[in-house]
Amino acid sequence: MARAISTPKKIMWTALAWGVGLLIFFPILWTFLTSFKTEATAISDPPVWFLFDWTTENYSDVLARSNYPLALMNSIIIAVGSTLLGIVIAVPAAWAMAFVPGKRTKDVLMWMLSTKMLPAVGVLYPLVLIAKYLNVYDSRIMLIVVLMLINLPIIVWMLYTYFREIPGEILEAARMDGASLGKEIIYVLTPMALPGIASTILLNIILAWNEAFWTILLTTVDAAPLTKFIASFSAPEGLFYAKLSAASIMAIAPIIVMGWFSQKQLVRGLTFGAVK
Amino acid sequence: MGRITLDRVQKKFGDVEVIPPLDLIIEDGEFVVFVGPSGCGKSTLLRLIAGLEDVSGGEIRIDGRPATDLPPAKRGLAMVFQSYALYPHMSVRKNIAFPLKMAGMAQDEQDRRIAKAATALNLTDYLDRRPGQLSGGQRQRVAIGRAIVREPAAFLFDEPLSNLDAALRVGMRMEISELHKTLATTMIYVTHDQVEAMTMADKIVVLRAGHVEQVGSPLELYKTPRNTFVAGFIGSPKMNLLTGAAAAAHGAATIGIRPEHLDVVDSGGTFTGRVGVAEHLGSDTFFHVHVPEMAEPMTVRAGGEVGLTHGDTIHLTPRAAHIHRFDAQGLRIA
């Protein structure tokens, strides 16, 4: 769509876009700066922006005081594990809904989405009781299953949308060509839906990585991921803004790096189907 | 071998009966065309034979063996889709090889068959391209190639030419006809285009609302349409169907006269009217004539160049031997 926009207007819109972008990015920038301050500088009023004595002592303190590698490992296992488990369950589900829809398929999809509107705290008590009863409280497996269940509606919805883009005739052609259901999914459906599956995986790893409610409430030490790791620095006995910031930066760095490298794939996946 | 028998085959979608119980025999090696207006159930019938839809009743036999409950893969049939349905992520070679790979065929036999099909279809230079890099006609050839390498019992074509432009369509029509002569394999071809049906078929099955209206060779259908529907559907331009006094004069409720069976005479004639539109094609001239006592304009095909134009008075006489008579139910009177 060609539309003539005058230069001053262009400048105005660009400035506005940058302004909004900076506003969104500001907390992360502030956390980053604070993580290199001393605790005293961190709470100074008025705040110091860049001209302070940069120090990495917060990072070494955090690393010495807590088990960062364990939390990192837990985060990776929980985020990747819950996503892959979700994909394994969601691919056949989305296949069925996209290619052999029944009368109630739309209702099922809406119902699945509606579970995302349920306040999580509503099922907190039963879940904690179940976890204690099954003796899986503070275990990775519990978090993998819980986070998988929480993100499953989104995974199914995304895959369903991608699968719907694949013409049914191509799958029928595979059937005519002698492919069994399994081979049809492996050789034809999956390769064609690969960009969609990849962005679904990426997005869900990010969602699972950032999930704080369940990871904080269902863990103590052994299975505690980076979210819990950050939370443990906001202790009631004293505010350690600089250390809290250092912990936060260490927790979000891996996912930001991953997001940065896969941003093309993410954007492509999320807009897939919007443009024919 | 590819003799396909449909025995009381029926299809319902919920409570809607799309195809009422239907009998049909397709002989080995025949080129059968299913033709009818859109929504007549011709594609559904093809998909029932393919196994892509389940029948609601009746039986399908392929070469005498019951096939009703076989999955598509086990029926030994190959299908060419309207949208070509090529695998976009595979090269042309892999597309053509896919059915052979699924059948677990040895690699050297696969290569031999692919080379043979590629030569026959002029695809040798394109084997390593992706479908997205090919033109519509080439894609259609790849789809045909994928069908022929399997050496199936029968080929099923679902409106394969409707996505091509007019010039290409005529060319591909010839190629498919020639392929049928070469392979001598049963082919079932679905189209809504009666010209395709007339030019390609050994046997035409005319369908309307799931019912078989008539089965016969193109010329049988042209010469002796069983009812007014077939009479109006087969032939181009359409047959003139006249009711009222003109029909009563021949002892019928409706009479049908093809445009090519109306002679333009200098004076007198059975019908006198005014030329609405004159289409001069050089080889032929088509007139759309408004006859005062008729509700619909009549179409006339005059050979060569006839110098009449819009507004001129025209006198027409039908050839008596070519008047088709139909009763009040629309059925042919012998």
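Reply: Domain bounds here come from an automatic or database domain assignment. On that basis chain A splits into domain 1 (7-58) and domain 2 (66-232). The C-alpha centres of these two domains of chain A are 35 Å apart.

Two ground rules. This is a predicted model, where local features need pLDDT of at least 70 and side-chain atom pairs count only at pLDDT 80 or more, while totals for chains, interfaces and linings use all residues. Residues are numbered from 1 along each chain as its sequence is written, and chains are lettered from A and ligands numbered from 1 in the order in which they are written.

Back to chain A. Helices (H or I, at least four residues) and strands (E, at least two) are DSSP runs, numbered from the N terminus. Chain A has 13 helices and 0 strands. Along its principal axes, its C-alpha atoms fill a box of roughly 70 × 65 × 30 Å.

How much of chain A is buried? The figure is 33% of its 276 residues. A residue is buried if 20 or more other C-beta atoms lie within 10 Å of its own, exposed if 12 or fewer, and partly exposed in between, with C-beta atoms placed from the backbone.

Contacts come next. Two residues are in contact if their C-beta atoms, placed from the backbone, lie within 7 Å. Within chain A, take the contacts with a separation of 6 or more: 79% of them join residues 24 or more positions apart.

Now the partner. The contact between the chains draws 15 residues from chain A and 17 residues from chain B. On the chain B side, β6 (77-80) and α2 (92-102) are the elements that give two or more residues. The largest share comes from α2(B), with 3 residues. By type, this side of chain B has 14 nonpolar, 2 polar and 1 charged. Here Ala, Val, Leu, Ile, Met, Phe, Trp, Tyr, Cys and Pro count as nonpolar, Asp, Glu, Lys and Arg as charged, and the others, Gly among them, as polar.

What does the record say about chain B? An unreviewed UniProt entry places "domain: ABC transporter" at residues 4-234 of chain B. UniProt positions follow the numbering used here, feature names are shortened, and annotations may be inferred rather than shown by experiment. Over residues 4-234, chain B is 36% helix and 26% strand, and the end C-alpha atoms lie 25 Å apart.
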